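Dear colleague,

Please find below the structure I promised to hand over. My notes on what was found in it follow.

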Amino acid sequence: MPHRTAAFSKLISPKHCAHFISRYQKIVLIACMICLLYGLIVGLFIAPADYQQGNVYRIMYVHVPLAIQSLSVYVVMSLCAFIFLIWKIKIADFVAKISAPIGAVFTALTLFTGSMWGKPTWGTYWIWDARLTSELILVFIYIAIIAIRYAIIDDRLASRVCAVVTLLGAINIPIVHYSVIWWNTLHQGPSILKIGAPSIAPIMLHPLLAMIAGFFLYYLFLVMTELKTELSR
Amino acid sequence: MIFICVAYSVVFAVMIIQLIFALKKKSRHE
């Protein structure tokens, strides 16, 4: 146990964290590019057209990974906020600070790609559906967190207030995820993140999983790059 | 087809801009 604690405190020390990032950053970038290339090639050129939607369903290969990332970035931020509030670990605050604009962009892109998919399939770019509305609220939460960070001049106070607001905003995450189950929505129900096997053909599922991994690695690479900058200050 | 092109080009353009900003910030500090 003391050995584990020592290893943990070594990892969260700025010097070792920067060293860890330098060591793995390139590997993460290469893995990200491989996943995205595989996903794009198979998703756009090899996977067959959908029998109902035709080719337009291929927007799924950017829309679904972005939607998953918009939620998982917020989960990471909430965990970091919790760790920062309880143990006052500065790196956790840095990760939360870096993640907020990335998450906001992912969420805005989720809504954009969703509307690009909605127009040819539903006949409208936007509808006040539970899933779409809760995702829009998520963008506003991200923007509020970024605004609070820059509005408060005292850095320590800004970090604490942002952590509390992040934890309060986390209530929206299960609402976004379960909105399609709790309410009768135009947006389809879950096809991958659900109990039982995914209801999607394997040839369409593989590139989607590769894209999800690619977008996660892209987020990881961005966090590593910006964290290294923050640590060198 | 137009919707796929618009969606993919906007997403990847934003991602590349985001990446350039992060790398620029890093190089400015080094």
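**Pockets, chain B and cysteines**

The lining of the second largest pocket is made up of 20 nonpolar residues, with no polar and no charged ones. Please bear in mind that the model is a predicted one.

This second largest pocket has a volume of about 550 Å³. Of its 20 lining residues, Cys17(A), Ile91(A), Val95(A), Val223(A) and Leu227(A) lie nearest the centre. At least two residues of the lining come from each of helix H1 (2-11), helix H2 (14-46), H3, H4 and H8 of chain A. H8(A) supplies the largest share, with 6 residues.

Two or more lining residues are given by each of helix H3 (60-87), helix H4 (90-122), helix H5 (130-151), helix H7 (172-182) and helix H8 (202-232), which belong to chain A. In total, 43 residues line the largest pocket, and those nearest its centre are His63(A), Val64(A), Trp117(A), His187(A) and Gln188(A). As to class, the lining of the largest pocket comprises 25 nonpolar, 15 polar and 3 charged residues.

Chain B contains 1 helix and 0 strands. Its C-alpha trace extends over about 45 × 5 × 5 Å along the principal axes. Chain B has 30 residues, of which 33% count as buried.

How many disulfides does the structure hold over all chains? There are 0. For Cys32(A), the closest cysteine sulfur is that of Cys35(A), and the two sulfurs are 7.3 Å apart, which is too far for a bond. A disulfide would require the pair of sulfur atoms to be within 2.5 Å. Cys80(A) is likewise in no disulfide, since the nearest cysteine sulfur, in Cys17(A), lies 11 Å away. Cys17(A) is also among the residues nearest the centre of the second largest pocket.

Are Cys32(A) and Cys80(A) buried or exposed? Cys32(A) counts as buried because its relative accessibility is 4%, and Cys80(A) counts as buried because its value is 9%. The cut-off applied here is a relative accessible area under 20%.

Yours sincerely

Key: Residues numbered from 1 in each chain as written. Chains lettered and ligands numbered in written order. Predicted model: local features only at pLDDT ≥ 70, side-chain atom pairs only at ≥ 80, totals over all residues. Heavy atoms only, no water. 1 Å grid on protein atoms, 1.4 Å probe; cavity = no way out; pocket = protein on both sides within 12 Å on 5 of 7 lines; lining within 4 Å. Helix = DSSP H or I, 4+ residues; strand = E, 2+ residues; numbered from the N terminus. Nonpolar A, V, L, I, M, F, W, Y, C, P; charged D, E, K, R; others polar. Points joined across faces, edges and corners; volume = space filled by probe spheres on them. Buried < 20%, exposed > 50% of the residue type's maximum accessible area, 1.4 Å probe, protein only.
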